[in-house]
Every structure is written in C-alpha cells, then in structure tokens.
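Here are some friendly notes to read alongside the model. Keep the viewer open and look for each part as you reach it.

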Amino acid sequence: MARVKLSEYRAKSLLVGEVYNGVCLHSETLEQDIEKLDEHASYIIKVDQGMKKRGKQGLLRLNVTAPEAQPAVQSLAEKGFTRFIAEPMLPHDDSEECYVSFERTRDGIKIMYSEHGGVTVEDKPESVREYSIDDVPLPKLFVQHVTEVMNNQHMSFVEINPLLVRGEECLLLDAAVLVDSAGEYESSWNQNDIVSTETLSKLEQAIKDLNNNSPASFSFKLLNPDASLWMQLMGGGACITIADEASNQHKTQYVAGYGEYSGGPNTEEIYLYTSRVLDQMLESRASKKAFIIAGGAANFSDVKVMFKGVIQAMKERQARLSSQNIKVFVRRAGPNETEGLALISEYLHRNEIFGSVHGSETVLTDVVSEALEYVDA
Amino acid sequence: MRSIEEIRNKPGTCLVLGNYRPGIQAILDFDHLCGKEAPSIKAIVTAGTKFQKYFWGKGEVLIPCFPTMLAAADAIESVEWMFNINSGRRARQTTIEFFDAFPSALGGHIFAEDVPEKHAIELYERYQKKGKTLVGTAGVGLLVPGYLKLGVVGGADWRQLEKNNLKESGSVAVLSASGGMINEIITMVASTSHGISFALCFGGDRFPLTSPKDAFLAAQDDSQTKHIVYYGELGGYDEYELVELMKSGAVSKPVICYISGVIGEAFDEPVQFGHAKALAGNKSETASAKRAALTEAGAIVAHSMKEFSERIAGIEKDELKEEAMSLDGRSASLFTSTISKETENGYEFAGSSLPDWAHEGDIALQICSALLGKHPQSQITVDFIRTVFLLSVDHGPQVSGALNTIVTARAGKNLVDSLAAGLMTIGPRFGGAVSGAANEWLSGVTEAKDPAEHIESYAKVKKYIAGIGHKKYRVGLEDPRTAILAKFSNRLPNHRYYDYAKAIEAITTTKKGSLILNVDGTIAALMLDILESEEHYSHQELKELVDADFFNALFVIPRIVGFTAHYLDQKRLDEGLFRLPDDDVLLG
C-alpha cells in the first residue's frame with residue numbers, strides 16, 4: 001500500500017541480472033558472507049539500508065580486499081548498521097558519471113537524465129531534464145530493460161547515480177529503488193529485502209513486531225520521548241487530522257509521537273498496543289501528561305471491543321497512571337459507540353483519570369484542545 | 001467521468017463483486033430510505049450460496065448470488081455499476097471481468113486498499129480514460145443523494161444515513177481523500193442544516209482512478225452543487241491541479257478546504273502516514289505548502305478542524321424536508337420459505353390460494369408447481385408428471401418397499417409408521433434410480449461423452465448404469481409403461497437427453513437383451529428434456545435438481561399412494577403378525 005525502499009543488493013540483482021557480482025553482507029552471517037568475496041579483487045563496501053549521500057556520511061569503505069573486509073564492515077557496524085553490500089571496485093573517471101531516474105506516473109514512466117552524475121549533479125540540478133523513453137540519450141536496450149524490470153517487479157522509482165555508459169554497456173554504480181509494497185505477491189523480492197533508513201526505538205520496534213504478526217495494522221513514530229501529549233489514534237485520515245491539531249495550535253513540541261491503528265484489531269492486540277504506548281508514556285519526564293484516544297466514526301470496528309483492550313492495559317498500570325496525575329481524553333464513534341463510551345467513561349471516572357469522553361456529536365479534534373488545556377494549566 | 005446529472009437520471013442498478021455484508025446492507029438501507037421500490041443491488045458474485053438474505057426496510061429480501069461473473073451475466077441483462085470488494089490482488093482481474101461481461105456499465109467503486117500501482121494505472125488507461133467512472137482504489141466510494149450509494153460513503157448504519165439527510169439533493173459537494181473523514185464531513189454538513197449534492201472519496205492511494213481534478217470539474221458542472229468542501233492530505237501533487245483549475249476559472253464555485261498532515265513536518269525523516277500517498281517526499285508535497293497554494297488560488301483554507309466546521313456551518317442553509325424514518329426493531333428471520341404462506345385470504349401454496357387450486361381442480365398441476373417452486377410454463381410438463389404418477393403408483397406387493405409396509409402393518413403399527421417403513425426402503429437399489437439415471441444422461445450430454453465409452457467406463461468396474469436393465473422386459477418384449485412415456489418425445493422440439501439414453505440402450509442391448517432403457521431411465525431422460533426445452537432450465541439449474549434428488553420425488557410421491565393402499569389392504573385383511581417360514585431362511 002506504499003512505496004518502500006528495496007536494498008541496493010536486491011535492486012541491482014533484479015536490474016543487472018545474473019552477471020551482477022555484488023555480495024550481500026549481513027552482521028549476523030558476516031563470516032559466511034565474506035567467504036563469497038574474491039581473494040584477488042578489491043571492493044567497495046557500503047551500508048545498504050537505503051541511506052543517501054553515503055560518501056559524505058562516511059558510510060563507505062573503498063579499496064577493501066577480502067582479508068580486510070571483516071574489520072571494514074565492523075567499523076561500519078559500530079555506527080548501528082546491520083546490512084552491507086560489497087562490490088568490486090570499478091576504476092573510472094568522474095567525468096564518465098551520469099544520472100538517470102525512472103518514476104512510475106499516471107501517464108507512464110517519467111525519465112529524468114543528466115550528463116553529470118555522482119556528487120556533481122547535486123551542484124547542477126538544472127542539468128537534470130525530463131525525457132521520454134524514446135529520446136533519452138542512453139542505449140535503447142538498457143532503457144527498455146529497466147522499464148521492463150520495473151513493470152515485472154512492481155518498482156515505482158529507480159534512481160541510478162552514478163551510471164557509467166561505455167558503448168552499449170551501462171554500469172550501475174549506485175542504485176536506489178522504491179517498490180510498491182502492494183505488488184510483493186507478484187514480485188521476486190520480499191519483506192526481507194525492504195530496508196529502512198531509520199533506527200527504531202524499543203517502542204517503535206515492538207509496535208512494528210505487533211504489526212507484522214497481525215492482519216490489522218499498527219504503527220508508532222516517536223518524536224519526543226519527554227513530551228506531554230500521547231496519542232493513540234484510529235482511521236487513516238482521522239489520525240492525521242487529530243494529530244495535526246497540536247501543530248495547528250503551534251504546539252507541536254507537546255506531541256510525543258504519532259501512532260495509529262486500523263483494520264479492526266481484536267481486544268488482545270489493542271491491549272498489547274496500549275500497553276506499549278502507556279509504558280513509554282510513563283517514562284516521559286514531562287511534568288503533566290495527557291493520554292488521547294481518538295478516531296473518526298468507524299464504519300465497522302467495534303468501539304466496545306476496543307475499549308475492553310484499552311481498559312485491560314490501563315488497569316495493570318493504574319497505580320502509576322494515578323500517581324503521575326495522567327488524564328485520559330477520548331473521542332470515538334462507530335458501532336456500539338454508546339456502550340463502548342459508557343464503559344471507558346465509567347472506568348476513567350472510577351479511577352479519577354477522566355479528562356473527557358466524546359462521541360460522534362463532537363468535532364473530532366476538540367479532544368486535543370481539551371488535552372492541551374489540561375497539560376498547559 | 002460521467003456527469004452527476006446523468007447519474008441522477010438513471011436507476012442506479014449495481015452488481016456487487018465479493019461479499020461484504022455491512023457494506024451491502026448499508027446500500028439497501030439507503031435505497032429504502034430514498035423510497036426506491038426495489039433494491040439497487042441486483043446480484044452478488046460470491047461462491048457457496050444461491051441467495052443471501054438482507055433487510056429491505058423492516059422486512060427482508062433475497063439477493064441472488066452467482067459463483068462467477070459469467071453466471072451473473074447469464075442471469076442479469078444489464079447493470080450500471082460495480083461495487084468491487086475483492087482484495088487488492090483480485091481487484092484488477094475482477095474489474096476486467098465485470099466490464100467484459102457488462103460492457104455498457106457506467107463504472108464502479110473498487111474498495112480494496114492494497115491494489116498495486118501498476119494495476120491502478122492499467123485500469124485507469126482501460127476504463128477511466130474511455131469514459132467509465134471508476135472511484136477508488138481504496139476509499140469509500142460515491143454517493144448521490146436519492147439516487148446512488150456506491151460504497152460505504154455516508155455511513156454503514158441506517159441511523160447514520162438517516163441523520164445525514166441523504167434522501168434528497170442539497171447544495172454541498174463533499175470531496176475527500178479519506179473515507180473516515182468524508183463521513184465526518186458529511187455529518188458536519190448535515191448537522192448544520194445542509195444537504196450534500198454528491199460526495200466522492202478518491203481514496204488514499206497514489207493513483208486514484210477518479211482524481212480530485214475530475215471530481216472538482218464534476219462539481220463545477222453540476223447544477224445542484226453550489227459549494228465544494230474538500231479534504232486533502234500531505235503527499236502527491238493533486239492539490240496543485242486544483243490550484244490551476246481555480247486560477248484559470250475552470251472551477252469558480254466557492255471552495256472550503258482542509259489539508260491535513262502538518263504534524264508530518266515535525267519529523268526529520270518523511271513519515272509514511274496511513275494512506276499510501278500520505279508521504280511528503282519534498283517541500284511542495286507538505287500540508288503547509290498545499291494550504292498556502294490553495295489560499296493563494298482563492299480557496300477558503302481552514303487551519304483547524306474547528307474552523308473547518310465553522311466555515312461549513314456558515315454556508316447558506318438548504319431547504320430540506322424533515323421526514324424521519326426508523327428501521328428500529330428489525331430482526332433477521334431464521335429460515336426462508338418460498339413455497340407457502342398465510343395471507344389475508346387464507347393460505348397460499350405454490351403461487352395460488354388453496355381455494356384457487358380447488359377451483360382449478362388439477363392435482364398434477366398443483367404438485368408440479370410445488371416441485372418446481374413456480375407455475376410450469378408448458379402443459380407438456382404437467383401432462384408428463386401426471387403420466388409418471390399414474391404409471392408409478394404401485395408395482396406389486398413383492399417389491400421391497402411395499403413388502404416392508406405390509407410387514408409393518410401386520411405388526412400392528414399405525415398408518416404413518418407403516419408408510420415410513422416403506423418409504424425408508426427407497427434408495428439406490430429400490431426406487432431411487434431416477435436421480436441416478438438423470439445424473440448419467442445430464443453428464444453424458446453436457447460433457448459430450450461417447451455412449452460407447454460411457455458404457456465401457458462402467459463395464460471396466462463392473463457397475464450397472466442407472467436407468468438401464470429390467471428383470472422381466474427385454475428386447476422384443478417392450479415395457480408398456482416406457483412405450484407410453486416415449487410418446488412424449490414426439491411432443492418435444494428437442495430431446496437430446498432421451499436420444500442419449502436411447503443411444504446407450506442401442507449398445508447395451510447388443511450385449512444383453514434385458515439391458516433396455518427402463519422406466520426410471522426413461523422418466524429421467526424425458527424429464528430433463530422437458531425441463532430444458534419447455535421450462536428453459538439452464539444446465540446449472542438441472543444439475544442442482546439432480547443434486548437435490550428432485551427426480552426421485554417423481555417416484556416417491558405416487559408411491560406414497562401405493563404404500564398407503566397396501567397398508568389399508570392389510571388392515572382390512574387382518575392376517576396377524578407376519579413371520580418368515582423357516583424354510584425361507586438359510587441358517588448358515
């Protein structure tokens with residue numbers, strides 16, 4: 001359902017085919033992986049986690065021989081990375097480098113090309129121009145091949161920079177590829193080939209694991225662990241709209257992060273999700289904290305089922321929620337709205353952590369204003 | 001895309017691809033609330049069931065279900081819309097199948113969220129560009145008050161639909177990328193005394209089939225629409241197309257909008273929000289940049305939801321009829337029956353009241369109607385069934401069923417017990433061969449089996465073919481019952497099943513004179529021919545009758561008369577308990 005980054009190793013394996021001579025190195029299987037290197041060759045070793053500008057960030061090691069590979073990878077792994085790629089060094093002149101990108105658009109594949117490549121193209125952005133498949137000054141077979149692979153492998157964006165053209169031969173020095181995650185079932189890549197530039201916090205990793213093991217979807221992005229506004233949101237569009245409210249009021253600094261779930265999670269999953277978020281919230285050093293549970297009017301998700309899971313997680317942490325003076329603000333609508341809201345309202349009142357509880361009659365962002373008033377007071 | 005005006009002038013019939021009860025029920029509730037006389041959903045393409053029961057108002061209605069698109073196309077002449085609720089993987093293929101089967105359909109809504117980009121673009125090229133109106137992928141569809149609800153847009157529960165004033169056109173077009181937010185906004189519009197002119201949800205995917213630009217132009221073009229309310233998100237460049245439309249004057253109606261996603265600008269790395277498109281890869285894709293561009297183009301851009309709702313409340317009010325309707329207190333029935341019911345005029349059975357049946361005076365017609373579940377179209381059908389009954393009533397006291405009835409009667413049991421004992425005997429070896437024979441002739445003809453090979457496949461495993469062979473009659477000694485039945489073939493324009501059965505007989509009788517087409521086999525073959533040529537049953541319908549044991553009913557019903565007669569006969573004779581003489585049992 002979204003464009004995600006493919007590892008450079010997999011991207012090149014697909015684009016170059018069998019003759020590709022790069023080697024994938026992974027921290028966990030490093031010893032076996034290094035055995036695949038040619039003893040007589042000299043390699044470039046790169047972090048393969050979707051980062052851009054690796055040269056500037058010191059995420060490359062040049063002219064590495066097989067015996068030197070282990071310490072070279074180790075020095076990159078110390079920066080917190082786990083995936084690497086080793087490719088034979090390809091001696092060339094900087095002036096040979098050019099830039100090309102292919103992007104899937106509604107009107108077909110859009111090609112951007114510049115005769116300058118590598119870091120030079122960044123200094124000359126005006127040299128990058130749009131071309132059609134027929135008029136881009138690159139070998140025809142190569143262009144056809146790339147677009148074919150894009151279609152067969154559900155690639156949405158392919159950027160090759162630098163690209164070396166020697167006669168009819170095109171050599172891919174660096175490649176960045178975005179694939180359409182919805183096309184995985186028809187493609188040769190899989191989840192293991194998807195990389196992320198971000199390093200996940202413990203909470204984010206836990207939520208990602210929950211997401212990977214459920215038909216429903218869950219996410220959480222931590223922004224500021226010591227912030228006062230913690231949100232648990234539901235429903236694609238409603239989530240952003242609610243999270244926006246603090247920003248609309250120029251109070252983004254209050255927002256701890258952005259988390260959402262959808263797809264009708266069950267009570268158990270909501271219990272796990274809420275537990276993780278609450279645990280992180282209890283660690284926050286903000287002096288006053290509010291927990292917002294909010295979403296639009298659900299079409300099918302049962303509101304009562306959801307609050308059962310929420311209450312279970314709160315119960316286990318009630319003493320700490322109370323001692324930290326946390327208040328809970330709720331806005332949710334949908335099937336079993338009345339029963340669900342009554343359930344949470346009663347629980348919050350009984351434990352004296354009631355902030356507010358609203359249903360479909362209230363504009364969905366009011367709950368954020370109320371929470372902001374509480375933490376600001 | 002089609003103009004909204006054009007949609008208002010059509011009945012809005014719809015075929016549902018896939019099964020999604022709440023979504024389908026919501027559409028039927030909308031139809032009913034709008035005062036439509038019949039459900040807009042004509043059928044559902046889903047396997048495993050022939051009908052599904054839904055509420056229609058406070059009552060219930062059966063919606064036909066078909067296992068394949070082709071079967072649906074065979075049964076339904078035309079539909080205007082498709083509501084496709086297949087998964088993302090199946091969305092492309094099923095949509096193509098739909099338009100292949102219904103080429104003149106107007107369009108449809110694709111509900112799935114995870115349709116690959118490549119497939120969305122292909123569908124856009126194939127259909128949207130050629131004048132069809134496809135809404136999605138993802139999102140909740142298209143709603144034109146009073147006329148069309150294609151998707152969950154407007155609500156999934158009749159209370160929401162009622163509250164949202166969806167019965168008649170208002171003046172506000174609601175256009176949104178998000179399915180949840182479109183419903184929030186419709187509620188905002190309705191709760192401040194406005195009606196919507198139409199509502200369209202593009203869905204949050206990267207390449208919506210109907211783009212915001214298309215929807216804005218449709219709103220501009222629609223005479224009912226006076227105001228456009230728009231909800232957009234960070235990511236993509238669609239809003240810049242809207243800016244162009246407003247700047248060039250192509251869209252001149254007032255626009256109130258909200259663009260969400262400013263929270264995304266607080267993160268260092270671009271965040272992928274819930275919708276596939278909701279990721280701002282560069283500055284112009286951010287919510288702030290879009291808000292600024294739309295403001296410059298003359299739209300009223302709300303900076304909070306509160307302001308958005310106040311702006312909507314400020315729109316000139318629509319005059320709407322207040323006509324509340326309640327569907328409270330309805331409950332689903334446990335089972336369905338179409339055979340009989342109690343009406344104001346007494347009992348109705350198989351389509352007519354009992355007094356009418358009495359007046360008609362033909363029990364064969366009554367039984368025939370009841371067995372088929374509808375009044376037969378041809379007199380031949382009734383005549384045939386009458387003849388079968390007259391010929392099958394009893395074949396002597398020696399046969400297993402009659403014997404069991406007699407033994408039970410002599411044991412002092414009552415009518416029902418004795419009759420049951422006889423009926424329970426009917427099975428594969430006694431009386432139950434009509435269904436078996438029907439199965440042979442139906443599969444033989446439809447699979448175009450060579451009669452000789454058909455016979456060979458049985459000979460190999462040393463099995464009998466149902467409907468072939470008799471103990472007493474043989475070649476040269478014709479069964480007078482089959483002779484009478486055979487005459488029916490002269491009254492039929494086509495009799496391919498009977499021909500097939502006769503072709504089998506022509507071969508088997510060369511092997512053995514007694515392997516003739518017997519009464520069971522003849523009844524089965526001619527009944528198939530009559531149902532096909534006189535009652536216009538499809539192969540699928542015939543197959544269902546075979547599977548349901550329909551053909552054996554032609555034996556069971558008259559034989560009840562025979563067994564009852566034997567029971568009464570034994571009561572009259574009263575010979576006492578029957579015990580087999582010792583000589584008749586071999587004690588091994």
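1. Let's begin with chain A, which the domain assignment divides into domain 1 (17-88), domain 2 (94-172) and domain 3 (202-376). Taken over C-alpha atoms, the centres of domain 2 of chain A and domain 3 of chain A are 45 Å apart. Please keep in mind as you look that this is a predicted model.

2. Now turn to chain B. Its domain assignment gives domain 1, covering 4-313, and domain 2, covering 377-573. How many Å separate the centres of domain 1 of chain B and domain 2 of chain B? The value is 56 Å, again taken over C-alpha atoms.

3. Next, find the open sheet of seven strands in chain B, whose order is β9-β8-β11-β10-β12-β13-β14. The pairing in this sheet is mixed. Which strands stand at the edges? They are β9 (148-150) and β14 (300-301) of chain B, and each has a single partner strand, so one side of each is left without a neighbour in the sheet. As background, strands of a sheet pair through backbone hydrogen bonds, either parallel or antiparallel.

4. Strand β8 (residues 141-144) of chain B and strand β11 (residues 196-201) of chain B run antiparallel and are joined by three bridges. To see how they line up, pick L142(B): the residue opposite, in β11(B), is L200(B).

5. Helix α9 (residues 238-248) of chain B lies across β12 (227-233) and β13 (255-260) of chain B. Relative to β12(B), helix α9 of chain B runs at about 155°.

6. By type, the lining of the second largest cavity divides into five nonpolar, four polar and four charged residues.

7. A second open sheet in chain B has three strands, in the order β15-β16-β17, with antiparallel pairing. Here β15 (340-343) and β17 (352-353) of chain B are the edge strands, each with a single partner, so one side of each has no neighbour in the sheet. Two bridges join β16 (residues 346-349) of chain B to β17(B).

8. Finally, visit the second largest pocket, which holds about 1,700 Å³ of space. Of the 42 residues that line this pocket, R429(B), I468(B), G469(B), H470(B) and N518(B) are the closest to its centre. The elements that give two or more residues to its lining are α14 (379-392), α17 (433-446), α18 (451-460), α21 (496-511), α22 (519-533) and α24 (550-573) of chain B. Which of them gives the most? That is α17(B), with four residues. The lining of the second largest pocket divides into 19 nonpolar, twelve polar and eleven charged residues.

Notes. Residues numbered from 1 in each chain as written. Chains lettered and ligands numbered in written order. Predicted model: local features only at pLDDT ≥ 70, side-chain atom pairs only at ≥ 80, totals over all residues. Heavy atoms only, no water. Pairing = 2+ DSSP bridges. Contact = heavy atoms within 4.5 Å. Axes fitted to C-alpha atoms, helices over the stretch in contact; angles between N-to-C directions. Domains from an automatic or database assignment. 1 Å grid on protein atoms, 1.4 Å probe; cavity = no way out; pocket = protein on both sides within 12 Å on 5 of 7 lines; lining within 4 Å. Points joined across faces, edges and corners; volume = space filled by probe spheres on them. Nonpolar A, V, L, I, M, F, W, Y, C, P; charged D, E, K, R; others polar.
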